Every structure is written in C-alpha cells, then in structure tokens.
Amino acid sequence: MKGKKRPLPRRPPGYADMLKLQAEAKSQGVIEAFILFFSVLRDKEGFGPKRLRRVLDALNERADSIKNGYVTIQDLRDTLKEEAGIELTVSGTGLGGGANE
C-alpha cells in the first residue's frame, strides 16, 4: 500500500524572490496609478475613448524616450515644475503638488 507523498518543505524566500516580488509590486503600483489617472480624465475632464487613447499613446512614446535615454524623469519633473507649477511629491496622504497646496 502506497502512502501519500509528503509535500516538499517550503524554502524561505531568497534575494531573487524578494527582487521579483518588489518588481511585481512596483508594476502593480504603476498600473493602479494609471487607472486612477485615466479615470479622473474620463470622469472629471470628460475625456472619451479617442482622447484617452491619445494620452496613452503619448505616455508610451514618452516612456520610450526615457528608455532610449532622450530624456530623464528628472528632466520631466523639472519641466512640470517650471512650466506648470506642478511638483509631484509623495506624502503619507497621497500625492501632493502644484500651486493649489
């Protein structure tokens, strides 16, 4: 009579596992930020599917520019501050920025 096989003991997470979880958490955070951003454009600013798609395409183009080294996040941050008065920061209560604070 054969007995049940014992499950292998779980190994503690290693450094690679932690890096993978960290990357997944960052990706999830980015997706959630985009959902928030696009829902505000849709609900509060009246953006329809075409305008939302144009914004998404522009975001992807800007991401490619960063990836290819044409511009940095710091460049974009500085431009937003100088040209629009928006300085995004993270606080315990969410995002802060701009002249309205």
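**Figure 1. The charged end of Arg51 over the ring of Phe47.** The charged end of Arg51 lies 3.7 Å from the centre of the Phe47 ring. A charge counts as sitting over a ring if NZ of Lys or CZ of Arg is within 6 Å of the ring centre and within 35 degrees of the ring normal. This is a predicted model, so local features need pLDDT of at least 70 and side-chain atom pairs count only at pLDDT 80 or more, while totals for chains, interfaces and linings use all residues. Residues are numbered from 1 along each chain as its sequence is written, and side-chain values use heavy atoms, with hydrogens and water left out.

**Figure 2. The whole protein and its secondary structure.** What elements make up the protein? There are three helices and two strands. Along the sequence, they follow the pattern α-α-α-β-β. Both kinds of element are DSSP runs, numbered from the N terminus: helices are H or I with at least four residues, strands are E with at least two. The protein has 101 residues, and 7% of them count as buried. Buried means under 20% relative accessible area, exposed means over 50%, and partly exposed lies in between (1.4 Å probe, protein chains only). Of the contacts between residues at least 6 apart in sequence, 3% join residues at least 24 apart. A contact means heavy atoms within 4.5 Å.

**Figure 3. A cluster of rings: Phe34, Phe37 and Phe38.** A pair of aromatic rings is described by the distance of the centres and the angle of the planes. Rings of Phe, Tyr and Trp (its six-membered ring) pair if their centres lie within 6.5 Å; planes under 30 degrees apart are stacked, over 60 edge-to-face, and the rest tilted. How many aromatic pairs does this rule give? The count is two. Phe34 counts as partly exposed because its relative accessibility is 35%. Phe38 is at 17%, so it counts as buried. Phe38 also pairs edge-to-face with Phe37: the centres are 5.5 Å apart, with 80 degrees between the planes. Phe37 has 40% relative accessibility and therefore counts as partly exposed. Ring pairs link Phe34, Phe37 and Phe38 into a cluster.

**Figure 4. Two salt bridges, Asp57 with Arg53 and Lys81 with Glu87.** A salt bridge is a side-chain nitrogen of Lys or Arg within 4 Å of a carboxyl oxygen of Asp or Glu. A search of the whole structure finds two. In the bridge between Asp57 and Arg53, the closest N and O atoms are 3.8 Å apart. Both residues lie in helix α2 (residues 49–67), four residues apart, about one turn of the helix. Asp57 is partly exposed at 34% relative accessibility, and Arg53 is partly exposed at 48%. Lys81 and Glu87 also join their side chains in a salt bridge, at 3.5 Å from N to O. Is Lys81 buried or partly exposed? Its relative accessible area is 46%, so Lys81 is partly exposed. Glu87 is partly exposed too, at 37%.

**Figure 5. A nonpolar patch on the surface.** Which residues form the patch? They are Val30, Phe34, Phe37 and Leu59, with about 310 Å² of accessible area together. Helix α1 gives the most, with three residues. Patches are made of residues with over 30% relative accessible area and no salt bridge; like charges are joined within 9 Å, nonpolar side chains (Val, Leu, Ile, Met, Phe, Trp, Tyr) within 5 Å.

**Figure 6. Contacts of Arg42 and Arg77.** Arg42 is in helix α1. Its relative accessible area is 44%, so Arg42 is partly exposed. Not counting residues up to four places away in sequence, Arg42 touches Phe47, Gly48, Pro49 and Leu52. Arg42 and Leu52 are 10 residues apart along the chain, with 7.6 Å between their C-alpha atoms. Arg77 belongs to helix α3 (residues 73–84). Arg77 counts as partly exposed, at 41% relative accessibility. Where neighbours within four places in sequence are left aside, Arg77 contacts Ile86 and Leu88. Arg77 and Leu88 are 11 residues apart along the chain, and 7.7 Å separates their C-alpha atoms.

Definitions and conventions: Areas by Shrake-Rupley, 256 points an atom, 1.4 Å probe, with all protein chains shown as cover.
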